[in-house]
Amino acid sequence: MTAQFLTPLRAERVGDMWVLTDVLRYGTEIGGPHVISVPKGFATDFASVPRLPLTYLLAGYTAHAPSVVH
């Protein structure tokens, strides 16, 4: 296993935040095999760091799952 998401990101908007509707799992072999699990019900604003518009256009929604694990 390389570093990868093992489950898809599933979330719904609640006010200004997003809440996971299912567990998000990320597996990595860095430092030995590990699985990071973000629990169902976890609230996130994804990446709240302001982005340059061009960067957002290029990356689109590709950073949502990594920002939840971060």
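The paragraphs below lead through the strands, the core and a few side-chain pairs of this structure.

The model is predicted, so local features need pLDDT of at least 70 and side-chain atom pairs count only at pLDDT 80 or more, while totals for chains, interfaces and linings use all residues. Residues are numbered from 1 along each chain as its sequence is written, and side-chain values use heavy atoms, with hydrogens and water left out.

Begin with the strands. Helices (H or I, at least four residues) and strands (E, at least two) are DSSP runs, numbered from the N terminus. Two strands pair if DSSP finds at least two bridges between them. An open sheet is formed by three strands in the order 2-3-6, with antiparallel pairing. Strand 2 and strand 6 are its edge strands, each pairing on one side only. Strand 3 is joined to strand 6 by two bridges, and these strands run antiparallel. Opposite Val-19 stands Ala-43 in strand 6.

Strand 4 has pairings of its own. With strand 1 it pairs in the antiparallel sense over two bridges, and here Phe-5 has Tyr-26 of strand 4 as its bridge partner. With strand 5 (residues 34–38), strand 4 also pairs in the antiparallel sense, over five bridges. Arg-25 has Ser-37 of strand 5 as its bridge partner, and Gly-27 stands opposite Val-35 in strand 5. Strand 4 and strand 5 form a hairpin with five residues between them, and Gly-31 in the turn has a positive phi of about 75 degrees.

Where does Leu-24 lie? Leu-24 is in strand 4, which covers residues 24–28. For accessibility, buried means under 20% relative accessible area, exposed over 50%, and partly exposed in between (1.4 Å probe, protein chains only). Leu-24 counts as buried, at 1% relative accessibility. A contact means heavy atoms within 4.5 Å. Not counting residues up to four places away in sequence, Leu-24 touches residues including Phe-5, Thr-7, Ile-36, Val-38 and Val-68. Ser-37 is 13 residues from Leu-24 in sequence, yet the two are 5.7 Å apart in space, C-alpha to C-alpha.

Leu-24 also belongs to a nonpolar core. Such a core is a set of buried Ala, Val, Leu, Ile, Met, Phe, Trp, Tyr and Cys residues joined through side-chain atoms within 4.5 Å. The largest one has five residues: Leu-20, Leu-24, Val-38, Phe-46 and Val-68. Leaving aside its neighbours within four places in sequence, Val-68 is in contact with Leu-9, Leu-20, Leu-24, Val-38, Phe-42, Thr-44 and Phe-46.

A pair of aromatic rings is described by the distance of the centres and the angle of the planes. Rings of Phe, Tyr and Trp (its six-membered ring) pair if their centres lie within 6.5 Å; planes under 30 degrees apart count as stacked, over 60 as edge-to-face and the rest as tilted. By this rule there are two aromatic pairs. One of them joins Trp-18 and Phe-46 and is tilted, at 5.5 Å centre to centre and 45 degrees between the planes. Trp-18 lies in strand 3 (residues 17–20) and Phe-46 in the loop between strand 6 (43–44) and helix 1 (53–59), so the pair ties together parts that are 28 residues apart in sequence. Phe-46 is buried, with a relative accessible area of 12%, whereas Trp-18 is partly exposed at 26%.

Next come the loops. Thr-7 lies in the loop between strand 1 (4–5) and strand 2 (11–14). Beyond four places in sequence, Thr-7 touches Val-23, Leu-24 and Arg-25. The side chain of Thr-7 reaches the backbone nitrogen of Arg-25 at 2.8 Å, and a polar atom of that side chain lies 3.3 Å from the backbone oxygen of Val-23.

Which residue forms a salt bridge with Asp-22? The partner is Arg-10, with the closest N and O atoms 3.4 Å apart. A salt bridge is a side-chain nitrogen of Lys or Arg within 4 Å of a carboxyl oxygen of Asp or Glu, and the count comes to one. Asp-22 lies in the loop between strand 3 and strand 4 and Arg-10 in the loop between strand 1 and strand 2, so the pair ties together parts that are twelve residues apart in sequence. Both are partly exposed, Asp-22 with a relative accessible area of 32% and Arg-10 at 43%.

Methods
Polar contact = N/O pair within 3.5 Å; in protein donor to acceptor, adjacent residues only side chain to side chain.
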